[in-house]
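Trainee: Could you take me through this structure? I would like to start with the overall picture and then look at some helices.

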Amino acid sequence: MTAVTAVTDHTDHADQPGDDDARKKDPGGEIVRKERSGREAGHKEKGDSGRGAREATEAGSGGGTGSGSGSADSVGSADAVGSADAPGGWDDGLIARRVSATAEGQARPVQETVMDNRPPAVAPLAYDGPLRSRLDALRELVGLSRTRLDSRTLAEAGQVLDEAAARRRLSGQHTVVAIAGATGSGKSQLFNALAGVAISETGVRRPTTAAPIACSWSDGAAGLIDRLGIPGRLRRRPLQSAEAEAQLRGLVLVDLPDHDSAAVQHREHVDRILALVDAVIWVVDPEKYADAVLHERYLRPMAGHAEVTFVVLNQVDRLPRDAADQVLDDLRRLLDEDGIALGEYGEPGATVLALSALTGDGIGELREVLGHFVAERGAAARRISADVDAAAVRLWPVYANRRQAGLSEEARDEFADRLADAVGATAAGEAAERAWRRNANRACGTPWLRLWRWYQDRREPATGRLSVRAYDDEEATARQRVEQAVRTVAEQASDGLPAPWAQAVREAAVRGSQGLCEALDELAVRAGTPVGRPPRPGWWPAAVLAQAAMTVLQVVGGLWLLAQIIGLMSPNLGVPVLLMVIGIVGGPGVEWACRLAANGPARRYGAEAERRLREAASGCGRARVLDPVAGELLRYREVREQFLRVSGVTGGTGVTGVTGVTGVTGVGASAG
Amino acid sequence: MVTLDVRPQLLDALSALRDRVAAARFPLPLAGAPRARANRDELLAQLDDYLVPRLREPEAPLLAVIGGSTGAGKSTLVNSLVGRRVSEAGVLRPTTRTPVLVCHPEDHHWFSGMRVLPDLTRVWMPQQDVDDDPLLPGEEDMRVLRIETADTLPRGLALLDAPDIDSLVAGNRVLAAELMCAADIWVMVTTAARYADAVPWHLLRTAKDHDATLVTVLDRVPHQVVSEVSRQFGALLAKAGLGDVPRFTVPELPESAWGGGLLPATAVAPLRAWLAQQAQDPGARHQVMARTAYGALDSLKSRMPELASAAAAQYAAALRLTAAVDGAYDSEYTRLRGRLQAGAVLAGGALKRWRSYPLDSSAGELLDALVESLAALLLCAVTAADERVDEAWRREPAAGAPGLTDRDPTLESAEHRIGMAVRRWRRVLEEYAEDEVRALEKSVAPDPEAVAALVATALLGGRRARSAGEGLAERIGAHGALRLRDKGGRLLTDYLDKALHDERERRLAPLDALDVHPEPQAELIAALSVLQKER
């Protein structure tokens, strides 16, 4: 048993003046520059068979002893350290990492990928029909949305398009698989085990691998590796053996640096390359498989990429047999909680394996799975497809409406009503009706009543009639009502739309409403004032004649009686009294009958006046406000259809694939 | 050598400061708010769990908190130090969910009370609880601390096995941070595979910032690479300015890791001896305590201003929000006055009624139309102001606070409220008109409703209703008309002001309810300066 090595070395720690600076920097990045003299004993079991290759690696340090430190790549890290932690939010000086810092990563809805019915792609790399159409739709979507959304929102979609195009130009024969994981998990060991050669340096110093290394099993992958930005001196070939070559033909394996050490530059490498490779093997070990960084930073955001994800529990040789199963189950549970579909029972999803790169336990199985995976040659397309899915999910809030959007018929009617109110159509109609009736009454009324009314008018100050003149220059339309009407209709039209499009609809409405008031003013003058005298019904002369006859009867009866009283005529009370009574009763009778008869035409006249004004107003409103709004909604519908295509749901057949997305039916052509 | 003597003034100043910190609130979702909240919680935890109890009772046992990443072997280390299994160790991560405190039986009374870590419920029946804890979701809110006693530990020393600092379980992280805050001695455990991980290094740097007494343990080192890894780690520590921190190395042994067994006593003997020496040697003990306590006190110097500036930022944001509301309503009010002067109310339906008055429409209808039009004008002003506020608030991150912007159903009631106000105005105006008419000594009294309608038209119609004033003067005399118009105008102004003011207050109410004041900033700084003086 090893004796305890309690090292309590109090090195001469001079009080550094730049302590604060040193604190900000990451020690990990700098320490790799230190010259190490000893050669790691570690778990390195492969001999020096890859020596020549390694010498190339160590060109920077000039050492052929195998103890190189890859300094060429790590020098820059010290500079990049200070600020690079910010996006992750783990370098804020707090002891505790709060939930909120990572909450946005978890809230994202998980979307099922739609790709089962797609035939495997054939070489050279060509995307199959559905994926191609989705990419086209995405391109169109980005183009259509550029004026409405800020470029930051569209940046990810643009990047997906760029990467898809870039990948498409390159070899379809190859599948690029990256090995990622925490420091000390044994990425490089697994890499070496798969390659059969000690290509990548392994060791106990943490972190070990500082720069990505690529290994290609067949020729023609140079373009792919160029795309990853891996320089020529870091490219290797596996151990030449016919059997291994046949199995993994077309594989390009990339060994990544760690993602969790204090060396920030490593994390940048990882983040950059993970976005470019076709598939990822995540290497975890029993000690670190539950690290928050791994799950929150990488696995959860990439949950949609389950089909191109392998999760490998390394170092099972350090665990007792049953404990290994336990840990593997726990790992599966964690992955499930991350939202990663597990490829069990033949379902598409992530592959989870336990192995030991040290003892070679389980390597064969991984090799086999990897061989099948590579032979399918579908990984690149699946990855792009998953990227498109992720972009669609990310864009979901700016395209999907919560409920049926569009202008309902009621909203249009309400708008017309409000505009009619603003120009006072109802009041104008009523006024016209009453004026007509008044005229009729005046014409058909008994002369005595007219006399009395004339007297009344003279007694009362004639306020109203004074103002009747000279109001052409006034603002006849109620501005506030127009403003409110436009606001309401814009609100109704944009209700349920995602924010940018709702804004666009509102802007369209407001833009259209400029000058609407003036137009309505003009229109009220044109359509509101009746032309000339109100028309009279055909029975009018008859009524006037009858009223006159009644008056004549009264007068004749009265004169007759008068003549009898004077004695000019023989006394005969019967006939003149009868005449007078007929005249006296008949006069109001005729007037009453006329009033009854005038009701209909008066109402029609008033309604006609109201209708004219109302129609003119609503026509004006439709042309200026509703049509632009409907146009804007139409544009939104177009974009939405593209979005549905991007989401993998075909526009016509239904929208069940994406949760919460409902169809747009009410968006619409203006009601003619 | 620093001494640690208890002075009541210092304690008073510290409690005052603690109350100020506890009172600080950061309700607005500004960029720095989550951090300020976390800072405040941590500061509070440190004051409550460590600084105040430590200064009050310097003779209490030293508390060494074992912290580190998940899977670093903290529980195994504690078990080995104690000599028996007190804390559950295992292969599944995270293992320790309930913190365990181990102390000598005679020290038990120090920890059984609520002297330190008052937020945690004490549990003495460990086994059941450990099993139940993950199963019962209801118990997750109740945080517990298991207390174990072991006479293998020296007196005056207590060990606390904390949950991991980088766990997937967010609650664990928070709890671990809180526990670290309560420590006299921070024992940082890392492993050969982890010593370069970013997360533990943040903790180390925090420990350095607080100038806490710190020990690092490099656990699980395969014996082949002991010297190599140890040297690496030492170099990293020296680079970070922590070169004088005592380092202990524990090798990886078959029984250590995955079975949860105990390490042989020899493996942890140096660490154990060091801890025992700190606890038993009065000088060393004093130094340890004084260093951590004064480190914490010193760290207040930078942390309090940070809190204060966060509080100031909150207040500034609240001011900006209020100013946006005030600006919007003020400008809408000005516009409203202008429109009223211009006679915008006498338009549309009201204008039509007025033109046909008195021949074709009654005074009541005219009055109705005017009141309706006035209500529309007011509602328009209020909605426009709200729209402006929304627009301005959309650019303010602080406006995302819950309850500030989601007020959809109130639009209807705004219409309702304005309608009520305007109708009330009409009623009072009609009463005025009646009074005026009743006071008139005319044989034929004019219709009060007509008088009211004419007054309303004259008030609301602006220039285009000049004839209404003339008509009014004809009916009730020039003096009466003038008087009535003055009274009605004042009434109108009152009612408009009140209506708009009410709406503005209604808009600001949720913001006022958040209670963001300028005082916390000054109070925090003042409390700090009092504390500085007392030291």
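Predicted model: local features only at pLDDT ≥ 70, side-chain atom pairs only at ≥ 80, totals over all residues.

Trainee: What is the secondary structure of chain A?

Mentor: Chain A contains 25 helices and 7 strands.

Trainee: And how many of its residues count as buried?

Mentor: Of its 672 residues, 50% are buried. The chain exposes about 30100 Å², with 55% of that area supplied by carbon and sulfur atoms.

Trainee: What share of the contacts links residues 24 or more positions apart?

Mentor: Among contacts with a separation of 6 or more in chain A, such pairs account for 78%.

Trainee: Turning to α8(A), how many residues does it have, and what does it reach from first to last C-alpha?

Mentor: Helix α8 of chain A runs over residues 151–169, which is 19 residues, and reaches 26 Å, close to the expected 27 Å.

Trainee: Where is its kink centred?

Mentor: The kink in α8(A), of about 25°, is centred on A:A157. A:A157 is also one of the buried residues of this helix, which include A:L154, A:E163 and A:R167.

Trainee: Which helices do those buried residues pack against?

Mentor: They pack against α7 (129–145), α10 (222–228) and α16 (379–399) of chain A.

Trainee: What about α22(A), and which residue follows it?

Mentor: Helix α22 of chain A spans residues 499–513 and reaches 21 Å, close to the 21 Å expected. Its buried residues include A:W501, A:V505 and A:G512. The helix is followed by A:G515, which has a positive phi, near 85°.

Definitions and conventions: Residues numbered from 1 in each chain as written. Chains lettered and ligands numbered in written order. Heavy atoms only, no water. Helix = DSSP H or I, 4+ residues; strand = E, 2+ residues; numbered from the N terminus. Buried < 20%, exposed > 50% of the residue type's maximum accessible area, 1.4 Å probe, protein only. Contact = heavy atoms within 4.5 Å. Areas by Shrake-Rupley, 256 points an atom, 1.4 Å probe, with all protein chains shown as cover. Expected span 1.5 Å × (residues − 1). Bend = angle between axes of the 7 residues up to and from the residue.
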